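Please read each point with the structure in view.

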Amino acid sequence: MKKAIAISSGAAALCLMVTPLLAEPDDDSLVINEELQMVTETEAPDHLEYVNTIYSGWRFRTDETQALQLDDFDNPAMLTVDAAIDAFNTVDGSEGKSCASCHAGPEDFAGLTASMPKVIDGKLVVMEDLLNNHRAKAMGAEPWKWSGQEMQGMVALIGLQSRGMPVDVAIDGEAAPFWEKGKEIYYTRYGQLELSCANCHEDNYGNMIRADHLSQGQINGFPTYRLKQAKLISKHNRFRGCIRDTRAETFAEGSDEFRALELYVQSRGNGLSVETPAVRQ
Amino acid sequence: MADGVKPRVKVPKTASAGEAVTIKTLISHQMESGQRKDKEGNTIPRSIINRFVVDFNGQNVIDVTLEPAISTNPYFEFEAIVPESGDFTFTWYDDDGSVYEETKSVEVS
């Protein structure tokens, strides 16, 4: 940090106090638990027309926030993940089953999150859908609320099994129409402020929007522990928040529009490491 | 016992004699202050961890009194000098009388 130095000339002191523009992500390297090297910067996937390098949102955060993700003991998201491990083994619903009745353990899902969302039986499916479908069909249990801590804790637990693997979602074949729809949403200006996702996260990442250092809006670390809300935040909740801030009517969490947007935004991060559960401001 | 209470401790497994090691502890606990009211206007009774003690081979390392203003999931990080191999014992005392304990061994090489 720069410190203001007392100088007799008032004008010179003023000049020194001008903070440097944060136009770029920082140069820090993310190694979790001193062993797991994460890719936070890589060449953009071919389908991106206007961006050459993609960066994890971690690179845009302050050193203090970054530090919380370096060690699982310090990562506040792990409390919710621990609760999800208990939920994994807890019987729920009319069938008297838990997740563990069918699945040996969360480790079975290694790699799944890196390839989500994907098309199953002609429908675009995200992790929350998988969980609630299994709860309904196999367990006879009530669905979890989309952005509730039970749901997001389990999404994070399953995502954790893929941590360090590169994001690699399919955008061709069956997924293509959903991906095109997501792309259209990404580049559509919404709300009174007429802002699209791209206006901030593509054209202006690295710049400040008021007090916030704009990232590329990558979702490789979701569900993310957001310090502001002190809990795990779902992808759709953050989409909603961003669109709301443009003063628009937003799509609902769990809507087909947000599923498509999730696929598109995830594909913009193809090549970055899965960071779930990340810590952000 | 309050719901969802789970102590967590991180202590290095090995240290050299006389080395100051960093110890991190966290207990997941609601830390209800006793100042809040529910929808009907009734006071939600206080339920906090009120004392946290760490001993090493029977010798006290720290002894902390916790007050209601301390927020959810109290976290303590501190350094302790390890003169010999032995066990750290961590004890949290809950308002409701529950006591949560955790033990970690350190090997001095």
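Which residues line the second largest cavity?

1. The model is predicted. In it, the lining of the second largest cavity consists of Leu48(A), Val51(A), Ile54(A), His201(A), Glu202(A), Tyr205(A), Gln216(A), Gln218(A) and Arg268(A). By class, four of these residues are nonpolar, three are polar and two are charged. The volume of this cavity is about 30 Å³.

2. The search of the whole structure found two cavities of 30 Å³ or more. The largest cavity holds about 110 Å³ of space. Its lining comprises 17 residues, and those nearest the centre are Thr113(A), Phe222(A), Lys235(A), Gln266(A) and Thr276(A). Domain 1 (24–73 + 166–280) and domain 2 (77–160) of chain A each contribute at least three residues to this lining.

3. The largest pocket has a volume of about 1100 Å³. Of its 41 lining residues, His201(A), Asp212(A), Arg238(A), Cys242(A) and Asp245(A) lie nearest the centre. Helix 9 of chain A supplies the largest share of the lining, ten residues. The lining contains 15 nonpolar, 15 polar and eleven charged residues.

4. The second largest pocket contains about 890 Å³ of space. Among its 31 lining residues, Pro76(A), Leu79(A), Thr80(A), Ser28(B) and Asn73(B) lie nearest the centre. Helix 3 of chain A gives the most to the lining, with seven residues. Because domain 1 (24–73 + 166–280) and domain 2 (77–160) of chain A both give residues to the lining, this pocket lies between them.

Methods. Residues numbered from 1 in each chain as written. Chains lettered and ligands numbered in written order. Predicted model: local features only at pLDDT ≥ 70, side-chain atom pairs only at ≥ 80, totals over all residues. Heavy atoms only, no water. 1 Å grid on protein atoms, 1.4 Å probe; cavity = no way out; pocket = protein on both sides within 12 Å on 5 of 7 lines; lining within 4 Å. Points joined across faces, edges and corners; volume = space filled by probe spheres on them. Domains from an automatic or database assignment. Nonpolar A, V, L, I, M, F, W, Y, C, P; charged D, E, K, R; others polar. Helix = DSSP H or I, 4+ residues; strand = E, 2+ residues; numbered from the N terminus.
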